[in-house]
Amino acid sequence: LGARTAIHAVGYGILEPRRLAICGMGVAGLSDWERRAAHFKRVIDEFDTIKPGDPAYTARTFLKSQGVDRVAARLLLDAMDDFDLARLAAITMPAAVICGDEDQDNGSAEDLAALLPDARYVEVPGTHLNSVTKPDLGEALARFLAA
């Protein structure tokens with residue numbers, strides 16, 4: 001939820017960073033949040049009954065492997081609403097939308113970059129969950145933040 005949190009904070013004027021890295025986020029992850037949140041609420045609510053083969057199994061495995069506090073995560077999922085895409089115009093600092101080439105979990109990252117005034121799309125290998133395990137994501141972040 002880091003990308004959503006950062007976009008909300010910058011879009012609503014709470015934070016004004018010099019540069020903004022947005023990882024694993026697309027337009028649908030901002031404007032269709034209720035659908036995405038419902039997926040994770042199901043994972044949390046049915047955690048002990050989700051079995052291999054269920055589309056929610058990967059998310060369940062990830063939450064378990066990271067030791068996520070499911071009560072806190074459930075509350076956090078209810079803390080944000082859909083983001084008003086018109087507020088993207090307020091995100092004027094240089095931004096990099098970095099996303100895995102197989103990651104469509106939050107919609108199109110390329111479309112999100114196109115909606116930001118000063119952003120570029122950076123593709124790295126991987127899916128939403130495994131791109132963070134590859135050095136390419138960290139290298140793309142470091143290049144962008146060091147520029």
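Me: What makes R74 and D78 a salt bridge?

Reply: The distance does. A salt bridge needs a side-chain nitrogen of Lys or Arg within 4 Å of a carboxyl oxygen of Asp or Glu. The closest N and O atoms of R74 and D78 are 3.5 Å apart, so the pair passes the cut-off. This is a predicted model: local features need pLDDT of at least 70, side-chain atom pairs count only at pLDDT 80 or more, and totals for chains, interfaces and linings use all residues. Residues are numbered from 1 along each chain as its sequence is written, and side-chain values use heavy atoms, with hydrogens and water left out.

Me: How many salt bridges does the whole structure hold?

Reply: A search finds seven. Another of them joins the side chains of D32 and R35, at 3.0 Å from N to O. D32 is partly exposed at 32% relative accessibility. R35 is partly exposed too, at 45%.

Me: How do you know which way α3 and α5 run relative to each other?

Reply: Look at the angle. The axes of α3 and α5 come within 10 Å and cross at roughly 160°. Axes are lines fitted to C-alpha atoms, for helices over the stretch in contact, and angles run from 0 to 180 degrees between N-to-C directions. Under 35 degrees counts as roughly parallel, over 145 as roughly antiparallel, 65 to 115 as roughly perpendicular and the rest as oblique. α3 and α5 are therefore roughly antiparallel. Their crossing is left-handed. That word applies if the near helix is turned anticlockwise from the far one by less than a right angle; clockwise is right-handed.

Me: What makes up the contact of α3 with α5?

Reply: Contact means heavy atoms within 4.5 Å. On the α3 side stand W33, A37, F40, K41, I44 and D45. On the α5 side are R70, A73, R74 and L77. These residues divide into six nonpolar, no polar and four charged. Ala, Val, Leu, Ile, Met, Phe, Trp, Tyr, Cys and Pro count as nonpolar, Asp, Glu, Lys and Arg as charged, and the others, Gly among them, as polar.

Me: What about α3 and α4: at what angle do they cross?

Reply: The axes of α3 (residues 33–45) and α4 (residues 57–66) come within 10 Å and cross at roughly 65°. That makes α3 roughly perpendicular to α4. Their crossing is right-handed. H39, F40, V43 and I44 of α3 touch A59, R60 and L63 of α4. The set divides into five nonpolar, one polar and one charged.

Me: Why is helix α1 called mostly covered?

Reply: Seven of the 10 residues in α1 (residues 2–11) are buried. They are A3, R4, I7, H8, A9, V10 and G11. These buried residues pack against β1 (20–23), α2 (27–31), α3 and α6 (109–115).

Me: How do you know whether L30 is buried or exposed?

Reply: L30 has 0% relative accessibility, so it counts as buried. L30 lies in helix α2. Leaving aside neighbours within four places in sequence, L30 is in contact with R4, I7, M25, D82, F83, L85, L88 and L112. The C-alpha atoms of L30 and I7 are separated by 8.7 Å, though the two residues are 23 apart along the chain.

How values were computed:
Helix = DSSP H or I, 4+ residues; strand = E, 2+ residues; numbered from the N terminus. Buried < 20%, exposed > 50% of the residue type's maximum accessible area, 1.4 Å probe, protein only.
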